[in-house]
Structure formats: C-alpha cells, structure tokens
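This briefing concerns the structure shown below. Please read the points beside the sequence and the coordinates.

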Amino acid sequence: MTNQLLIKEKLQAKLKNIQSKSDGSPITDLQLDKTLVAEIEQLTTELESVNPNLNPLLYATSLLEGAWLLQYSTAREIRSLASLPLGLKLDKVYQVIDVVNKLFFNLAKVKHPLGLVSGYVKVTASFEPAKEDLEPLQNKRINVYFDKRYLSIEKIVGINTPKLNPFKVVSANNPTSRTATLDITYLDETLRIGRGGDGSLFILSKSENLPEFTSSNEN
C-alpha cells in the first residue's frame, strides 16, 4: 500500500468513526475536542502533501464533476447550520459541480427529528480559475461568486408542499472586500479536500447520486 493510500485510509477511518453518531451530517471542529481536531488537521496536511493531482484545474477537471458529500468542515457557514431554529437538525450536505458551465450549488438537507418537517437550504454559485501571480498556469485555486440562496420546505408531516419549495429566494452574500476563493488541495476519484480563502477546511467524498430533489428552480 502506498503512503498516500495509507494516510487516506487513516483519515477516512477517523472521520467515519466520528460520523457514526451524526446520521450523515457533516462534523465541524466545534463538535470535537481540540486533540481530535489537531489529529484530523495533521492527517489532512499529510494527505495534501501527497496529492496525486497537483494541477486539478488543468489535468483533473473530470474528477471534479458531479455530486460530493461533505464529511468535515471548519467553515463558519457550516458551523452555523448546526444550530437551526424550530428544532430542525442538519442532515446531509452536498456540493454538486458542473465543470463545463463553471457552476455549482451547495445543498444542505434539514429535517425535524420527529419527521414533522423536512426541507433544504440551497446556494447557487459560479466559479472560474484564479490567476495567481506566482503560477503561470491554472493551478488549484478558483474564484467563487455566490448567486442565490433558496430556503425550501419539501414536506410537512410527510405531505409534499410544492408551494413552499422554495418559500424564499434571496441574493447570496459575497465577501465585501475580497473575492471568495477555494484551493483544491487534494483530489482523487473518491476524496476531495479544499481550503477556503479564510482558512476554512472542507473534506468531501464523491457521491454516486443526489437524493430526491424536487425543486424546479435551476441555478
């Protein structure tokens, strides 16, 4: 087994053990003790150092395409989803990428523990390869431009609610003094690691399909 696969297995095993108590929702650093957060960061850094696709925007765009399931993050926007109103709980969080059209959307499923309500928060965005001063070629950084935020209720006590899907659409927030960026620091067929411009960490696994998604709205 190569060093890359060994580190990857260690990281995935640790995340799987943590997520066994989360019903598939992503874990954030605020939910873990500092020692465990440090262990995840160490394994992540080690895996990034043996990234098999150092120039993903040039040579591995096909690997980016499709649906990704968020496993772990230190991002503020993911942390905020952990404390939803009305007793709602965060379920699985997906990112779906359309490489050809340079579009993606983030989809956070939410549900009530008693099955009273289920829905989602969706944010659409476009992206482009960033032109880095020290890099003559498109390397690993993308500029991100958020577009719209959709708030939707899909079901109430098991009954579809198309009139509430979505019930609110607003402009998504972009940073006021900078362009949002994301560095793709590790990428293979099943795992992706990204670092936001604010230092946030995202670890995602490739998903074969997206769960039933009933909104007719497009990006």
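**Briefing on the predicted model**

N143 lies in strand β6, residues 141-156 (helices, H or I of at least four residues, and strands, E of at least two, are DSSP runs numbered from the N terminus). The model is predicted, so local features need pLDDT of at least 70 and side-chain atom pairs count only at pLDDT 80 or more, whereas totals for chains, interfaces and linings use all residues. Residues are numbered from 1 along each chain as its sequence is written, and side-chain values use heavy atoms, with hydrogens and water left out.

**Surroundings of N143**

- N143 counts as buried because its relative accessibility is 15% (buried means under 20% relative accessible area, exposed over 50% and partly exposed in between, with a 1.4 Å probe and protein chains only).
- Leaving aside neighbours within four places in sequence, N143 is in contact with S126, F127, E128, A130, T179, A180 and T181 (contact means heavy atoms within 4.5 Å).

**Largest pocket**

- The largest pocket has a volume of about 970 Å³ (a volume is the space filled by probe spheres set on the grid points, which are joined across faces, edges and corners).
- A pocket is an open set of points, on a 1 Å grid over the protein atoms alone, where a 1.4 Å probe fits, with protein on both sides within 12 Å along at least five of seven lines; lining residues have an atom within 4 Å of a point.
- The lining of the largest pocket comprises 34 residues, and E77, N106, F146, R149 and F202 lie nearest its centre.
- At least two lining residues come from each of α5 (76-80), β3 (89-98), β4 (103-111), β5 (117-129), β6, β9, β10 and β11.

**Helix α1**

- The 17 residues of α1 should span 24 Å at 1.5 Å a residue, and the end C-alpha atoms are 24 Å apart, which agrees (the expected span is 1.5 Å times one less than the number of residues).
- Q4, I7, K8, L11, L15, I18 and Q19 are the buried residues of α1. Viewed down the axis of α1, these buried residues fall within an arc of 100 degrees, so they line one face of the helix (the arc is that of the directions from the helix axis to the C-beta atoms).
- K16 and N17 are exposed on the other side of α1.
- Packing partners of the buried residues of α1 are β1 (27-28), α2, β2, β9, β10 and β11.

**Helix α2**

- Helix α2 (residues 34-48) has 15 residues and reaches 21 Å between its first and last C-alpha, close to the 21 Å expected.
- L36, I40, L43, T44, L47 and E48 are buried in α2.
- The exposed residues K34 and T35 are on the face of α2 turned away from its buried side.
- The buried residues of α2 pack against α1 (3-19), β2 (66-73), β9 (180-187), β10 (191-196) and β11 (201-207).
- A side-chain oxygen of D33 comes to within 3.0 Å of the backbone nitrogen of T35 at the start of α2.

**Backbone geometry in loops**

- The peptide bond from N165 to P166 is cis, with omega near 0 degrees, and P166 is in the loop between β7 (159-160) and β8 (168-171).
- K102, although not a glycine, has a positive phi of about 55 degrees. K102 is in the loop between β3 and β4 and is partly exposed, with a relative accessible area of 39%.
- V157 is also not a glycine, yet has a positive phi of about 45 degrees. V157 is found in the loop between β6 and β7 and counts as exposed at 54% relative accessibility.

Definitions and conventions. Polar contact = N/O pair within 3.5 Å; in protein donor to acceptor, adjacent residues only side chain to side chain.
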